[in-house]
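Visitor: I am new to this structure. Could you show me how to read its aromatic rings and its core?
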Amino acid sequence: MDGGASYNPRTVEEVFRDFKGRRAGMIKALTTDVEEFYQQCDPVIFPSKWVMERDVFWISCTNVGLTASEKENLCLYGFPSEQWEVNLPAEEVPPELPEPALGINFARDGMQEKDWLSLVAVHSDAWLLSVAFYFGSRFGFDKADRKRLFSMINDLPTIFEVVTGTAKKLVKEKSSVSNHSSNKTKSNSKQRGSESQGKYSKAMQAKDEDDEGLDEEDEEDHGETLCGACGENYASDEFWICCDICEKWFHGKCVKITPARAEHIKQYKCPSCSNKRARP
């Protein structure tokens, strides 16, 4: 388990990098690695029978000899290295870092999977903020530093928004409003007559002569597209691929797809769509 004693970010930029790394790991657990995460949060280990002894119930388990107590209070941890882990809480009291929500495994089979993942995502967002501001308090961030740190964090979509697709919906709605506004502008410009058309032609000619302008507009069109795995914004110098099922976009590196491999894929399914199957 990752300990605060060996890694203590001391500046706003270092704390933000720590936040982004932990966030990326937890998003990975709840999206691309969701099948593995779901299995690791199994709340019961094949109980065979209840045994009554001295007014205490015990579970007799039939697999690897684990007792019920060894499956209690599991937590989802995110690490600065963009990795994740399901584990028991730290033994020391108080712990070196704030602890994530305890016992996420117990609610797993009592809820629909998507609702359970959303609940874990909400608690993960709360934990990330508590860790970030723990470092801020520990190393004496003043009001301006705290405000700057929160502003940097707030520019990223929350884990809940990424997991539920809310971030993608917001981008689509904003894009729809933008397109509607653009269409109204074009419609109005057509009604202005030949003078407006002449200005439009000149603008188009200037646009064709300026390659850099094209690149900038392409960046603006896609700048708010978010990766379904890590939640980061679109960048024109990176390879992206779209899932043909859920229509989410992903960095190729996040889903381990190269441009060469993508050329041979007729219908791409992201890890979440590939892993979807009926849950009892």
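Guide: We will look at ring pairs, then at a helix and a core. This is a predicted model, where local features need pLDDT of at least 70, side-chain atom pairs count only at pLDDT 80 or more, and totals for chains, interfaces and linings use all residues. Residues are numbered from 1 along each chain as its sequence is written, and side-chain values use heavy atoms, leaving out hydrogens and water.

Visitor: How many aromatic pairs does the count come to?
Guide: A pair of aromatic rings is described by the distance of the centres and the angle of the planes. Rings of Phe, Tyr and Trp (its six-membered ring) pair if their centres lie within 6.5 Å; planes under 30 degrees apart are stacked, over 60 edge-to-face, and the rest tilted. The count here is 6 aromatic pairs. In one of them, phenylalanine 16 and phenylalanine 19 are stacked, with 6.5 Å centre to centre and 10° between the planes. Ring pairs also link Phe37, Tyr38, Trp84 and Trp116 into a cluster.

Visitor: Which helix holds phenylalanine 16 and phenylalanine 19?
Guide: Helices are DSSP runs (H or I, at least four residues), numbered from the N terminus. Both residues lie in helix H1 (residues 12-30), 3 residues apart.

Visitor: Why is H1 described as largely enclosed?
Guide: Buried means under 20% relative accessible area (1.4 Å probe, protein chains only). Because 14 of the 19 residues of H1 are buried, the helix is largely enclosed by the rest of the structure. Phenylalanine 16 and phenylalanine 19 are both buried.

Visitor: How many residues does the largest nonpolar core have?
Guide: A nonpolar core is a set of buried Ala, Val, Leu, Ile, Met, Phe, Trp, Tyr and Cys residues joined through side-chain atoms within 4.5 Å. The largest has 37 residues, and H3 gives the largest share, 9 residues.

Definitions and conventions. Helices (H or I, at least four residues) and strands (E, at least two) are DSSP runs, numbered from the N terminus. Buried means under 20% relative accessible area, exposed over 50%, partly exposed in between (1.4 Å probe, protein chains only).
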